[in-house]
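Dear colleague,

Please find below the structure I wished to hand over to you. A short account of the findings follows it.

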Amino acid sequence: MYKIVIRGGHKLRGEVRVSGAKNAALPILASSLLAAGRSTYRNVPDLGDVVTMKKLLRQLGAKVEGDGSTTVDSTHITNFEAPYELVKTMRASALVLGPLVGRYGQARVSLPGGCAIGARPIDQHLKGLAAMGARIELEHGLVNARAKRLHGATIVFDMVTVTGTENLMMAAALAKGCTTLENAACEPEVEEMARVLNKMGARIRGAGTTLITIEGVDELHPLDHAVIPDRVEAGTLMVAAAVTRGNVLVKDCLPEHLDAVIAKLQAAGVEVTVEGDAVRVLGRREIRPADIATRPYPGFPTDMQAQFMVLMAQARGQSVLSENIFENRFMHVPELRRMGADIVVEGHTAIVRGPTKFKGAKVMATDLRASACLVLAGLAAEGTTEVLRVYHLDRGYEHLERKLRGLGADVRRVKGEL
Ligand code: EPU
């Protein structure tokens, strides 16, 4: 088991490149199941969840090769089950449900249990498949979905769900007739999914808005595609520059996906300038408080809430952070408190009072974005911080400590305790 050891207090300086988006790569890899033949995906990030998705595809019978440039040949799918062992480590495993039922008329996917950040059921995915004609049964903790051929349907989501929208777009791509998804997620990763499916021969309109229509086709074909940059990694690096009062050019990102994050950095007094497909972040000494409420895109992303809390703790005055997407996404708060932050949680709201001068400590990562937040606090802290359970970080960031070292941070990965 590794830990990350950070000696804080170095201002980050220089340029850093953003990797491919985890939350785009996962559904894209799953969509390879929709077509016979070999697809090539470029700019696929080398991180834990991608490794898990590749393992799942191999178990289903796909031939998967390569890392940054990954090929998947889904010609001979022989197994239709996403087992508990994989779903429990990565809930996005449920993304194979739509393509398997859509192309093969059958799928068995372990029902995800609760996870660290919330209950996260998949009832909306199942409701949509049922509306398209799938028979859904629950047996021994597995969802068993079957259909001769799915048919088009009108589906209104009860809440905005990112992977739910992606799963049903994939299922509907090969259904007979037209499917309408209302109250659909507008996230850039959903738009990217539609772009990929359309390149495969699907007929999808409206992705990126709340109303998506999918005209089913009989067959899809493989493709060659480069995954969009990771907006959460970009945002994390931007906050890292701000909390260390650094000067960093975050390159190869899509700044238009970062509007909400950039607006809040600017509200906090951080200087942010967009330079083509790069963003320069210049940290100012005085940080201003700012209130944040997480919302579906284009609102402020829940995946950036924990990292922003570090910046808010440095602000002079009180900031209020409301988490509206997941019910249990404040597990970093007790750890930040151990590093000196003054944060009180009341229900889904955290009240942050600053300015805090973080002090290094031994802290425990509890989930992916919480672990990024602790690394950022460590970079800003006086003294040494040890972040334990870094496997959470490795699920979603490609070589984060190497990138931070390239910017002048004193960060090492060492073999350590649990
Ligand atoms: N929900 C339901 N029923 C459903 C689906 C969702 O009640 O059938 C609820 C969830 O419990 C949650 C809310 O709806 O409270 C939103 O969940 P959503 O389905 O949108 O989340 P997700 O698709 O499982 C994706 C990202 C998450 C990101 C969320 C929100 C992927 C692989 N994961 O999850 O990313 O936080 O959307 O934007 O795309 C991360 O990268 O750290 C991460 C957790």
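Helix α5 contributes three residues to the shell around the ligand, the largest share (helices, H or I, of at least four residues and strands, E, of at least two are DSSP runs numbered from the N terminus). This is a predicted model, in which local features need pLDDT of at least 70 and side-chain atom pairs pLDDT 80 or more, while totals for chains, interfaces and linings use all residues. Residues are numbered from 1 along each chain as its sequence is written, and side-chain values use heavy atoms, without hydrogens and water.

**The ligand**

The ligand is surrounded by 21 residues (a heavy atom within 4 Å); Asp123 and Thr161 are among the closest. At least two shell residues each come from α1 (22-31), α5 (123-131), α6 (162-173) and α12 (368-380).

- Asp123 places a polar side-chain atom 2.7 Å from a ligand nitrogen atom.
- A polar backbone atom of Gln124 lies 2.8 Å from a ligand oxygen atom.
- For Asn23, a polar side-chain atom is 3.1 Å from an oxygen atom of the ligand.

The protein buries 87% of the 830 Å² that the ligand exposes when taken alone (Shrake-Rupley method, 1.4 Å probe).

**The sheet**

Four strands form an open sheet in the order β6-β7-β9-β8, with mixed pairing (at least two DSSP bridges per pair). Its edge strands are β6 (81-82) and β8 (135-139). Strands β8 and β9 (residues 142-146) run antiparallel, joined by five bridges, and Leu138 stands opposite Val143 in β9.

Yours sincerely

Conventions
A polar contact is a pair of N or O atoms within 3.5 Å; within protein, one must be able to donate a hydrogen and the other to accept it, and residues adjacent in sequence count only if both atoms are side-chain atoms.
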